Each structure stands twice: as structure tokens, then as C-alpha cells.
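Dear colleague,

Please find below the structure that I am handing over to you.

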Amino acid sequence: MSLRLFLGINLWLLSLCASIVIYLQNAPIPEGQEYVVSVTEKAGDVRYRFPLSSIWRPLEVGQQLPAGTAVSTGKKSFVKCHSKDGHEINVTPESQVVLAGIDDSARE
């Protein structure tokens, strides 16, 4: 195999890998998952990561998050979320939580 062909194949593979990474960084919310909470307030550096993902994305007010989503807050940061049934979840600075779901059976 010539050096030119070898370099061409390597550049093509590198380009393919870069395209996959860019797609994953901009991947849509996983389909078919029920949303656990909506983000109603935030301040500072707040990020989230979908289940089975390793990419942390900036979190915005109004976003809806499914179960299994991890939320991380930085220094002087917080986020407030509300569930469909009105439960409020506050995540304080320098915290990391995973949204598992809301169980009302403890209230009965």
C-alpha cells in the first residue's frame, strides 16, 4: 500500500470520527422517555448529561429532563426543577444528582 493511500484512509477515518463526536454533542433528547422534571430557574454553571452519555451540556431554563439524567452545579450555581405533579427539586452549588423519578407512595 502506498503512503498516499495510507494517509488518505487515515484522514477519512479521522474525519468520520470527528463527525460522530459532533453528532453526539448535538444529539437530541432521547425519544420515548417520560420527562421527570422541567427546569424553572437556574443560576451559574449548571450542566446535564443524558443516561448512557458521557457528554455534559449546558442546562437552560425550560428544558425537560428524563429519568436517569445527571445534573451538575458549579460554584455559586443552583437549579430549581418542578415535576408534572408540582414537586420542587432544588440542587445546591457544587452538587451532582441523578434524576431517578418521583415516588408518591411515601406520602400516603
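This is a predicted model: local features need pLDDT of at least 70, side-chain atom pairs count only at pLDDT 80 or more; totals for chains, interfaces and linings use all residues.

**Overall composition**

Read from the N terminus, the order of the elements is α-β-β-β-β-β-β-β-β. The chain has 108 residues, of which 23% count as buried. Its exposed surface comes to about 7600 Å², and carbon and sulfur atoms supply 58% of that area. Among contacts between residues at least 6 apart in sequence, 50% join residues that are at least 24 apart.

**The four-stranded sheet**

An open sheet is formed by four strands in the order β4-β1-β6-β7, with antiparallel pairing. The edge positions are held by β4 (64-66) and β7 (88-91); each has a single partner strand, so one side of each is left without a neighbour in the sheet. From one strand to the next, the twist averages 30°.

The pairing of β6 with β7 can be followed residue by residue. Strand β6 covers residues 78-83 and is joined to β7 by four bridges in the antiparallel sense. Cys81 has Ile89 of β7 as its bridge partner, and Lys80 has Asn90 of β7. The two strands form a hairpin with four residues between them, and in this hairpin Gly86 takes a positive phi near 95°.

**Strand β5 and its partners**

Strand β5 (residues 70-73) pairs with two strands that I describe in turn. Strand β2 (residues 46-49) runs antiparallel to β5 and is joined to it by four bridges; here Val46 stands opposite Thr73. Strand β8 (residues 96-98) also pairs with β5 in the antiparallel sense, over three bridges, and Ala70 stands opposite Val98.

Is β5 covered or uncovered on its faces? Both faces are covered: Ala70 and Ser72 are buried on one side, and Val71 and Thr73 are buried on the other.

**The nonpolar core**

In soluble globular proteins, nonpolar side chains tend to be buried together. In this model the largest nonpolar core has 13 residues. The members that touch the most other members are Val37, Val39, Leu59, Leu65, Val71 and Val79. The elements that give two or more residues to this core are β1 (35-43), β2 and β6. The largest share, three residues, comes from β1.

Leaving aside its neighbours within four places in sequence, Val37 is in contact with Gln63, Gln64, Leu65, Cys81, His82, Ser83, Ile89 and Leu99.

**Salt bridges**

How many salt bridges does a search of the whole structure find? It finds two.

One of them joins the side chains of Lys80 and Glu41, at 3.7 Å from N to O. Lys80 lies in strand β6 and Glu41 in strand β1, so the pair ties together parts that are 39 residues apart in sequence. Lys80 is partly exposed, with a relative accessible area of 21%; Glu41 is partly exposed as well, at 35%. Lys80 is also the residue that has Asn90 as its bridge partner in β7.

The other salt bridge is formed by Arg47 with Asp45, whose closest N and O atoms are 3.2 Å apart. Arg47 counts as partly exposed at 31% relative accessibility, and Asp45 is likewise partly exposed, with a relative accessible area of 41%.

**The loop between β1 and β2**

Gly44 is found in the loop between β1 and β2 and counts as partly exposed, at 45% relative accessibility. Gly44 and Lys76 are 32 residues apart in sequence, and the distance between their C-alpha atoms is 6.3 Å. When neighbours within four places in sequence are left aside, Gly44 is in contact with Lys76 and Ser77.

With kind regards

Definitions and conventions:
Residues are numbered from 1 along each chain as its sequence is written. Side-chain values use heavy atoms; hydrogens and water are left out. Two strands pair if DSSP finds at least two bridges between them. Axes are lines fitted to C-alpha atoms, for helices over the stretch in contact, and angles run from 0 to 180 degrees between N-to-C directions. Buried means under 20% relative accessible area, exposed over 50%, partly exposed in between (1.4 Å probe, protein chains only). Contact means heavy atoms within 4.5 Å. Accessible areas come from the Shrake-Rupley method with a 1.4 Å probe; for residues, only the protein chains shown count as cover. A nonpolar core is a set of buried Ala, Val, Leu, Ile, Met, Phe, Trp, Tyr and Cys residues joined through side-chain atoms within 4.5 Å. A salt bridge is a side-chain nitrogen of Lys or Arg within 4 Å of a carboxyl oxygen of Asp or Glu.
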